[in-house]
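Biologist: I'd like to learn how to read a few features off a model. Could you walk me through some?

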Amino acid sequence: MTTDTVTEVFEEHRPVLLGVAYRMLGRVADAEDVVQEAWLRWSGGDRSEVREPRGYLVRVTTRLAIDRLRQIKARGETYVGPWLPEPYVTDFGDRVPDTAERAVLADSVSLAVLVVMESLSPLERAVFVLREAFGYPYADIAAWLDRGEPAVRQLAGRARKHVEERRPRYEVDPAQRRDLTERFLAAAAGGDLEGLLELLAPDVRLVGDSGGKARAPLRALQSADKVGRFLIGAARKGVRDFSAQFVEINGGPALLALSGGKPDAVFQLDVADGRIQAVYIIRNPDKLRSLAALA
């Protein structure tokens, strides 16, 4: 391959590689680092035996992500308050024309599923991502991970059971989520507690991720009354030079709140039966840096 061809091939597959790495790690910066390392190995290594570049690059990226995930877990870092994945801007565009495939990809990158996946082992997570999100054959996954196919099938079954038992059952209709998000913003910003309570499910759950670096609940809140009163109270305190815009985050509509033109928080809702079942708020400034370009 010429230098130009080497670069073109890698760039063609970069979105898939970043998608694999992010689902493995839940951190945009770490995922980008892994993809960059994959590029260095691709551009500087011996490619004479590579027959299928996409498979080779997915294999390299997956192994690097497993190593990074093991390092993160080994450090045993203590996180202040609830943890949520770093917001990931998703826009599948024309690359995913099939509605069913789009729904699978969106679900596999949702905040709720990624939180559940945090409790999987690195190998279980790799198998789950490659099989459930991207639909790779067990034989390919086994070859990429240097495992026997029966072992990979066992890992996949265990991971799938774990995720299915713990994942919340929410609807993924983006139009309904967008509509409820708009009404949610209007009620909260307007101090309309009664209107907000009409939108919230009785057992709605609010999870706020600040990492101890911004104001957010240090424990998840549950019940419409607690969540509604917290949101109204937070709105009354206000945000300097507040503005907001809708973006697609983690496979669904989300609200990006800006303070002075800079990202201050991301709000995303999970919806079922026409009511808001969960409210996710990400305020850790370290997790909002990648959204600065959207402001």
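This is a predicted model: local features need pLDDT of at least 70, side-chain atom pairs count only at pLDDT 80 or more; totals for chains, interfaces and linings use all residues.

Biologist: Where is His13 found, and is His13 buried or exposed?

Modeller: His13 belongs to helix H1, residues 3-25. Buried means under 20% relative accessible area, so with a value of 9% His13 counts as buried.

Biologist: Now helix pairs. How do the axes of H3 and H7 cross?

Modeller: For a pair like this, look at the distance and the angle. The axes of H3 (residues 53-75) and H7 (residues 138-145) come within 9 Å, crossing at roughly 55°. H3 and H7 are therefore oblique to each other, and their crossing is right-handed.

Biologist: Which residues in H3 and H7 meet?

Modeller: On the H3 side you've got Gly55, Val58, Arg59, Thr62, Arg63 and Ile66, and they meet Ala143, Trp144 and Leu145 in H7. Sorted by class, that contact has five nonpolar, two polar and two charged residues.

Biologist: And strands? How many bridges join E3 to E4?

Modeller: First, the general idea: in a regular strand, side chains alternate between the two faces of the sheet. Here, E3 (residues 242-249) and E4 (residues 252-259) run antiparallel and are joined by eight bridges. As one example, Phe246 has Leu255 in E4 as its bridge partner.

Biologist: What do E3 and E4 form, and what is the phi of Asn250 in the turn?

Modeller: They form a hairpin with two residues between the strands, and Asn250 in the turn has a positive phi of about 50°.

Key
Residues are numbered from 1 along each chain as its sequence is written. Side-chain values use heavy atoms; hydrogens and water are left out. Axes are lines fitted to C-alpha atoms, for helices over the stretch in contact, and angles run from 0 to 180 degrees between N-to-C directions. Helices (H or I, at least four residues) and strands (E, at least two) are DSSP runs, numbered from the N terminus. Angles under 35 degrees count as roughly parallel, over 145 as roughly antiparallel, 65 to 115 as roughly perpendicular and the rest as oblique. A crossing is left-handed if the near helix is turned anticlockwise from the far one by less than a right angle, and right-handed if clockwise. Contact means heavy atoms within 4.5 Å. Ala, Val, Leu, Ile, Met, Phe, Trp, Tyr, Cys and Pro count as nonpolar, Asp, Glu, Lys and Arg as charged, and the others, Gly among them, as polar. Buried means under 20% relative accessible area, exposed over 50%, partly exposed in between (1.4 Å probe, protein chains only). Two strands pair if DSSP finds at least two bridges between them.
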